[in-house]
Amino acid sequence: MRWIVSLPCGLLLFLLSLSTHASEWQLNMTEGVTSISKEVYSLHMLIFWICCAIGVVVFGVMFVSMFLHRKSRGVKSANFHESTVLEIIWTTIPFIILIAMAFPATKNLIDIYDTEDADIEILITGYQWKWRYDYPADGVSYFSNLSTPLEQIYKNAAKNQHYLLEVDNALVIPAGKKVRLLVTAADVIHSWWVPDLAVKRDAIPGFINEAWTKVDKIGTYRGQCAELCGKDHGFMPIEVKVVSQQDYELFIQEKKKLAADIAEAANQQFDFDELYRRGESVYQQHCATCHQLDGKGLGIFPAIAGSPIATGPVKEHLNRVLNGAGAMPAFGEQLSPVESAAVVTFQRNAFGNNMGELVQPIDIVEFKQGR
Amino acid sequence: MAHGPAPGIGRWLFTTNHKDIGTMYLWFSFAMFFVGGLFALVIRAELFEPGLQIVEPEFFNQMTTLHGLIMVFGAVMPAFVGLANWMLPLMIGAPDMALPRMNNWSFWILPFAFSMLIGTLFMPGGAPNFGWTFYAPLSTTYAPPSVTVFIFAVHIMGASSIMGAINIIATILNMRAPGMSMMKMPLFVWTWLITAFLLIAVMPVLAGVVTMMLMDIHFGTSFFNAAGGGDPVLFQHVFWFFGHPEVYIMILPAFGVISAIIPTFARKPLFGYSSMVYATASIAFLSFIVWAHHMFTVGMPLAGELIFMYATMLIAVPTGVKVFNWITTMWRGAMTFEAPMLFSIAFVILFTIGGFSGLMLAIAPADFQYHDTYFVVAHFHYVLVPGAIFSITAGVYYWLPKWCGKMYNETLAKTHFWIAFIGLNITFFPMHFSGLAGMPRRIPDYNPLWADWNMISSIGAFLFGAAQVLFLFIVIRTIFSGRPASDQVWESAEGLEWSVASPAPYHTFIKAPEI
């Protein structure tokens with residue numbers, strides 16, 4: 001019977017050691033790096049300690065009673081069963097505690113909602129299963145994909161420190177600037193969450209939500225999609241790089257140059273091998289999660305091998321890839337003309353489809369213009 | 001003159017006897033509890049360590065979805081309806097439920113609903129994979145074809161629940177023995193009366209939302225599709241308008257069970273009976289005005305966030321009253337700790353811990369960090385497993401001697417309790433930590449940062465599963481070879497159910513008892 005006392009007490013002690021061991025076995029919420037995240041953290045700790053204090057009193061009385069008032073000690077039970085005074089007391093005291101808690105919570109919430117006077121605006125769009133970041137003022141736009149290799153996920157290779165929390169193109173923001181984040185989605189609901197910034201906003205298709213952050217400390221902060229969004233919900237991390245103003249400007253210039261290079265490439269003609277090679281890597285990055293590496297499909301995701309679309313008229317194939325249908329996303333805005341041409345060429349010739357055709361970037365541009 | 005049960009399988013198929021139907025409900029929910037538990041173990045096995053080992057993400061999502069749906073609609077709800085069927089007429093001195101034929105029907109459509117739901121695992125495209133909350137458009141435009149079967153199954157479950165609720169209200173309001181005034185009813189009767197009204201209020205809302213999904217999927221409407229003028233967030237509002245009262249549907253009858261057991265083993269009347277009734281009614285009322293606290297991150301306006309935050313915090317008041325009343329009932333009693341009492345005390349402690357994390361989640365700014373993490377998973381498992389499951393277990397040990405006339409083995413039952421209690425805490429307590437450390441829920445693979453907590457949780461889950469196998473063994477052993485129980489069963493149990501013989505005869509209270 002000592003168990004009944006010792007186990008919950010042990011659990012409580014375990015809880016109390018929260019702050020001391022936080023570094024090795026992370027137990028507690030991160031304090032984060034923004035004024036909001038620090039406010040949220042102290043609010044969290046405040047409620048936590050209030051709950052602990054109530055717990056000590058309530059469970060304390062209970063354990064004393066369980067120890068003293070047991071039949072085996074020969075006690076006789078009392079017969080009282082009503083007290084309006086007691087009922088009023090234990091209705092009023094919790095009510096007062098709650099009011100005391102509501103004040104800091106309200107203030108904190110008002111701060112979170114203050115998205116005015118931002119220095120920079122960034123549009124975040126959730127896709128199955130990646131993020132797109134748009135800097136409307138600079139005309140820069142790119143996708144951010146999971147960069148953890150498949151070998152690590154399927155156990156063959158050792159897992160690195162940032163396993164499943166690393167991406168190919170991170171979101172880059174300048175330190176010390178207030179950044180307004182506009183969050184939306186292209187297909188299903190996602191949620192953009194970075195614990196160190198204490199920003200969690202649902203990305204809802206067809207609607208734009210607002211959030212903001214201002215990070216002073218240069219560094220990399222990681223998060224994940226927080227709303228179940230289908231098969232690879234666990235594989236669409238977020239990486240935010242906070243850099244100096246100078247590095248931020250360099251980054252924007254680089255991205256602009258990259259966009260210009262891609263536009264120029266759209267005018268080029270490629271030979272079959274080049275298209276096939278490029279298409280294979282686009283396929284692996286964008287198509288294989290659903291249609292699988294071997295092109296045989298999975299569950300509701302149809303096979304590419306022998307598919308009536310990939311072996312039918314080119315126009316319909318382009319239409320499906322660029323404009324999507326049902327659960328199939330529209331890749332027209334996600335892929336450059338070169339990438340689209342390459343992946344269509346690849347799909348029409350790989351997996352035993354052997355159509356022998358090739359599609360050039362200019363065909364994509366013309367298709368998009370309705371020609 | 002009353003006649004006995006019909007011979008053969010016909011007894012069960014055509015029965016209108018509240019005890020037979022109660023028994024079927026309880027066995028059905030026990031079976032579903034094991035199916036849902038099996039799915040949970042698939043989830044915990046996959047999460048034992050980082051990396052994908054046992055199942056693919058697609059199947060993992062089907063497991064989380066079916067685990068949730070089966071535990072909520074298949075295990076917890078039918079178990080409480082089973083307890084209600086068995087105990088309500090016995091507690092209020094009625095010969096049977098008010099609407100016995102509907103009672104038969106409301107049970108017998110359930111096996112079909114759940115056969116269909118589990119059958120979706122074998123459909124092309126797999127079972128529903130969008131979580132038990134089935135948020136649109138993941139559950140509409142992007143859903144596997146089995147979603148249509150899922151919608152049909154939910155409709156059947158809803159119809160069953162509504163019929164069950166109508167029956168319970170009709171029974172309680174019309175069939176109480178003379179002299180049994182409302183404020184003399186046992187608290188289990190009161191909590192079920194209030195629960196039944198909640199069911200009638202919100203099950204049609206669930207039916208509405210799945211029908212809107214059906215229209216979006218097959219008939220070209222755009223309730224939840226912004227491109228057609230709809231709104232995906234509308235789904236969440238309608239769903240949680242059902243969903244929040246639903247969680248109280250799963251806990252209010254538990255309050256009733258605990259309020260019956262603690263006084264018996266403390267040998268002292270329940271403290272604050274009328275305040276318990278009012279607290280239950282207040283919780284039921286508040287459950288209708290707090291639904292959007294599940295949606296603090298969807299981008300509601302500030303005023304909306306504040307109103308829902310304040311309303312949610314208020315729930316702590318009547319819930320606290322209940323806990324204080326139970327503890328005061330124990331105070332200066334003469335307690336013994338048989339299995340039903342152990343489960344009830346664990347209920348009070350662990351449900352209160354779940355209440356604490358609930359209060360933390362109510363604080364909207366902090367919820368921005370907690371939302372959709374394992375902290376939430378820890379919270380609702382702390383209120384549902386020690387809440388609903390432990391109270392049902394306590395109720396089964398408490399009333400089993402009355403049902404089958406045999407006494408269970410106390411040593412085995414206490415062993416069951418301790419394994420379940422330790423397993424439960426090892427499973428769910430570490431989830432608070434992994435959640436606060438940033439692990440999102442519903443992911444099949446995760447960063448090694450959270451590996452230790454997950455491994456501990458997985459070990460606890462298998463321990464908890466083993467405890468339930470022992471439970472099944474104990475129940476079967478009691479039915480076949482338990483020693484005979486007395487009519488009174490427990491030294492100081494009070495109420496009409498203890499005035500009938502053990503086992504309870506097939507027909508009881510053919511003549512209304514004297515109160």
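What percentage of the 515 residues in chain B is buried? In this predicted model, buried residues account for 62% of the 515 residues of chain B. The chain contains 16 helices and 2 strands, and its radius of gyration of 22 Å is close to the 24 Å that the globule rule gives for 515 residues, so chain B is as compact as a globular protein of that length. Taken along the principal axes, the box filled by the C-alpha atoms of chain B is roughly 65 × 50 × 45 Å. Of the contacts in chain B between residues at least 6 apart in sequence, 82% join residues at least 24 apart.

Within this chain, helix α9(B) covers residues 273-286, and its 14 residues reach 20 Å from the first C-alpha to the last, which is close to the 20 Å expected at 1.5 Å a residue. Its buried residues are Tyr273(B), Ser275(B), Met276(B), Ala279(B), Thr280(B), Ile283(B) and Ala284(B). These buried residues pack against α6, α7, α8 and α11 of chain B, and also against α3 (84-112) of chain A.

Two of the helices that pack against α9(B), namely α6 (187-218) and α8 (252-266) of chain B, also meet each other. The axes of α6(B) and α8(B) come within 7 Å and cross at roughly 175°; angles over 145 degrees count as roughly antiparallel, and the two helices are therefore roughly antiparallel to each other. By class, this contact has 10 nonpolar and 4 polar residues but no charged residues. Among the residues involved are Leu187(B), Phe188(B) and Trp190(B) in α6(B), together with Leu252(B), Pro253(B) and Phe255(B) in α8(B).

Key. Residues numbered from 1 in each chain as written. Chains lettered and ligands numbered in written order. Predicted model: local features only at pLDDT ≥ 70, side-chain atom pairs only at ≥ 80, totals over all residues. Helix = DSSP H or I, 4+ residues; strand = E, 2+ residues; numbered from the N terminus. Rg over C-alpha atoms; globule rule 2.2 N^0.38 Å. Buried ≥ 20, exposed ≤ 12 C-beta atoms within 10 Å, placed from the backbone. Contact = placed C-beta atoms within 7 Å. Expected span 1.5 Å × (residues − 1). Axes fitted to C-alpha atoms, helices over the stretch in contact; angles between N-to-C directions. Parallel < 35°, antiparallel > 145°, perpendicular 65-115°, else oblique. Nonpolar A, V, L, I, M, F, W, Y, C, P; charged D, E, K, R; others polar.
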